[in-house]
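Subject: Handover of a protein structure

Dear colleague,

Please find below the structure that I am handing over to you, together with its sequence.

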Amino acid sequence: MANGEDYRDYMDKEYLGSWDFRPGEEKTVTIKAVEQCEVFEQNTNKKKKMPKITFYENVKPIVANNKNSKMIIAVTGIGNVKEWNGQKITLRVEKDRASGKLVDCIRVSPDKPKSGKVAEGPPSIPPCGDCGGEITGVGDYTAEQVAAVNFKRYGVALCADCGNKRKEEKKENVDT
Ligand SMILES: [Zn+2]
């Protein structure tokens, strides 16, 4: 996070920069969405369309170059960017060559975050509190999100079906 120690903290920076990291710091973030953005390329003096990746955490988005995009595919095992939602990656600062100079760049770490893939195995997602069945993703929501939303509403992690049943019950109670 910008901590006011670097002069660039005082500029209007839309994207995460190497100066947002303390020395040696790594940020593990959860991908929210991939959008298209236009960035100004200094080498060519032209605007270039690039993928912008936003996160659920309070961390500014990054512009993903080829290197980082390929690393996300390698770490998550998912080539379809529409399925990156909910995937965790770790960001860190590395020295890299740009126009012949060594500069600080934000890189996606090849190390997979421990709570990595949401879809893999049961660990982080408990079974449904009503039917005891597996909580799975629905539509745009990952299994983790379905569990979390129902937990927030009803105080217990539920599968989508049981969540809907509770919703209906609530409605009936209100009506009568
Ligand atoms: Zn259920």
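Two strands are said to pair if DSSP finds at least two bridges between them. With that in mind, consider β1 and β2, which form a hairpin with four residues between them. In the turn of this hairpin, Asn45 has a positive phi of about 60°. Please note that the model is a predicted one.

Overall composition

The protein chain contains three helices and five strands. Starting from the N terminus, its elements follow the order β-β-β-α-β-β-α-α. Of the 176 residues in the protein chain, 18% are buried. Among the contacts in the protein chain with a separation of 6 or more, 49% are between residues 24 or more positions apart.

The sheet

In what order do the five strands stand in the sheet? The order is β3-β2-β1-β4-β5; the sheet is open and the pairing is antiparallel. β3 (62-63) and β5 (101-108) each have a single partner strand and stand at the edges, so one side of each is left without a neighbour in the sheet.

The individual pairings can be followed across the sheet. Strand β1 (residues 26-41) runs antiparallel to strand β2 (residues 46-55), and ten bridges join them. Within this pairing, Cys37 has Met50 in β2 as its bridge partner, and Phe40 stands opposite Lys47 in β2. β1 is also joined to β4 by five bridges, again in the antiparallel sense. Here Lys27 stands opposite Leu91 in β4.

Leu91 also has a bridge partner in β5, namely Val108. β4 and β5 are paired over eight bridges, in the antiparallel sense. These two strands, β4 and β5, form a hairpin with two residues between them. Ser99, in the turn, has a positive phi of about 50°.

Helix α1 (residues 66-76) lies across β2, β4 (88-98) and β5. Its direction makes an angle of about 35° with β5.

Which residues have the most contacts inside the largest nonpolar core? They are Ile31, Ile62, Ile72, Ile89, Leu91, Ile106 and Val108, in a core of 15 residues. At least two residues of this core come from each of β1, β2, α1, β4 and β5. β4 gives the most, with three residues. A second, separate core has ten residues, including Cys128, Ile135, Ala143 and Cys162.

Apart from its neighbours within four places in sequence, Ile31 is in contact with Ile53, Phe55, Trp84, Asn85, Gly86, Gln87 and Ile89.

Helix α2

Helix α2 (residues 143-154) has twelve residues, which at 1.5 Å a residue should span 16 Å. The C-alpha atoms at its ends are 16 Å apart, which agrees with that expectation. The buried residues of α2 are Ala143, Val146, Ala147 and Asn150. They cover an arc of only 95° around the axis, which puts them on the same side of α2. Just after α2, Gly155 takes a positive phi of about 75°.

Arg166 in helix α3

Arg166 is found in helix α3 (residues 160-175). Is Arg166 buried or partly exposed? Arg166 has 17 C-beta neighbours inside 10 Å, so it counts as partly exposed; a residue would need 20 or more to be buried. Leaving aside neighbours within four places in sequence, Arg166 is in contact with Tyr154 and Leu158. Arg166 and Asp130 are 36 residues apart in sequence, and their C-alpha atoms are 9.6 Å apart in space.

Yours sincerely

Methods:
Residues are numbered from 1 along each chain as its sequence is written. This is a predicted model: local features need pLDDT of at least 70, side-chain atom pairs count only at pLDDT 80 or more; totals for chains, interfaces and linings use all residues. Two residues are in contact if their C-beta atoms, placed from the backbone, lie within 7 Å. Axes are lines fitted to C-alpha atoms, for helices over the stretch in contact, and angles run from 0 to 180 degrees between N-to-C directions. A residue is buried if 20 or more other C-beta atoms lie within 10 Å of its own, exposed if 12 or fewer, and partly exposed in between; C-beta atoms are placed from the backbone. The expected span of a helix is 1.5 Å times one less than its number of residues. The arc is that of the directions from the helix axis to the C-beta atoms. A nonpolar core is a set of buried Ala, Val, Leu, Ile, Met, Phe, Trp, Tyr and Cys residues joined through C-beta atoms within 7 Å.
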